[in-house]
Amino acid sequence: KDELKIAVGAINLKRRIVVDSMTKIEEVFMLPETAMLNQTAIANIARAGYTRIPVFRQGDQRDICDVLITKDLALIDPDDNYTVRMLCNIYKHPIPRMSGQTTLFSALQTFRTGDDGHLAVVYRESDNETIGIITLEDVVEEILQEE
Ligand code: ATP
Ligand code: ATP
């Protein structure tokens, strides 16, 4: 019975689209590129609990320019006055962008073949506006149908 459910979930990947499985931009934990990575900021990042944190250009939360991977924080000293931008410049993780109308099947392909791509930024086709993020985990949840 479980196997059948998973098989159905897998088949549905070609019918389901990203916009229905993504996390809406309003609910995403993000950082401005100008943020200082001091002790308080690092503690807040740790408390949020996410592995991947989208980074936006000052003043526009929808202008996502990078992603900070929390393990990159391991080598920085909180007293060195690093900004998010400086860390992103060191590590340079590419972020795939995909339309909300993309099928989960092709989202999965992107995540599998991409360099660092376990998170993608989702945009609305009509006006190119950022509307959310989607991760590999969101696609897996659709396969297992356990939302
Ligand atoms: P990992 O499991 O690889 O450590 P994670 O727990 O940080 O990563 P995922 O497992 O990729 O995150 O995703 C779990 C859920 O959280 C998904 O629904 C995803 O869309 C959402 N999510 C991921 N990153 C963020 C974030 N920075 N802010 C808000 N939601 C996020
Ligand atoms: P993430 O993609 O969430 O950052 P990761 O790249 O560290 O995690 P996975 O993507 O979970 O690791 O696994 C990739 C491959 O590396 C898998 O084959 C896994 O078994 C292997 N792997 C994961 N952690 C280790 C480790 N500590 N030592 C050796 N191999 C590992």
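Which residues does Val122 touch, not counting residues up to four places away in sequence? The views below start there. This is a predicted model, in which local features need pLDDT of at least 70, side-chain atom pairs count only at pLDDT 80 or more, and totals for chains, interfaces and linings use all residues. Residues are numbered from 1 along each chain as its sequence is written, with chains lettered from A and ligands numbered from 1 in the order in which they are written.

**View 1. Val122 and its contacts.** Val122 touches Val18, Val19, Met22, Met98, Gly100, Ile131, Gly132, Ile133 and Ile134 (contact: C-beta atoms, placed from the backbone, within 7 Å).

**View 2. The largest nonpolar core.** Here sit 22 residues, with a core being buried Ala, Val, Leu, Ile, Met, Phe, Trp, Tyr and Cys joined through C-beta atoms within 7 Å (buried: 20 or more other C-beta atoms within 10 Å of its own, all placed from the backbone). Val122 is among those that touch the most other members, as are Ala120 and Ile133.

**View 3. The S6–S7 hairpin.** Five antiparallel bridges link S6 and S7 (pairing takes at least two DSSP bridges). Ala120 has Ile134 as its bridge partner. Six residues separate the strands, and Asn128 in the turn has a positive phi of about 70°.

**View 4. Around ligand 1.** Thr23 and Ile133 both belong to this shell (C-beta, placed from the backbone, within 6 Å), and Thr23 also stands opposite Ile133 in S7.

Conventions:
Buried ≥ 20, exposed ≤ 12 C-beta atoms within 10 Å, placed from the backbone. Contact = placed C-beta atoms within 7 Å. Helix = DSSP H or I, 4+ residues; strand = E, 2+ residues; numbered from the N terminus.
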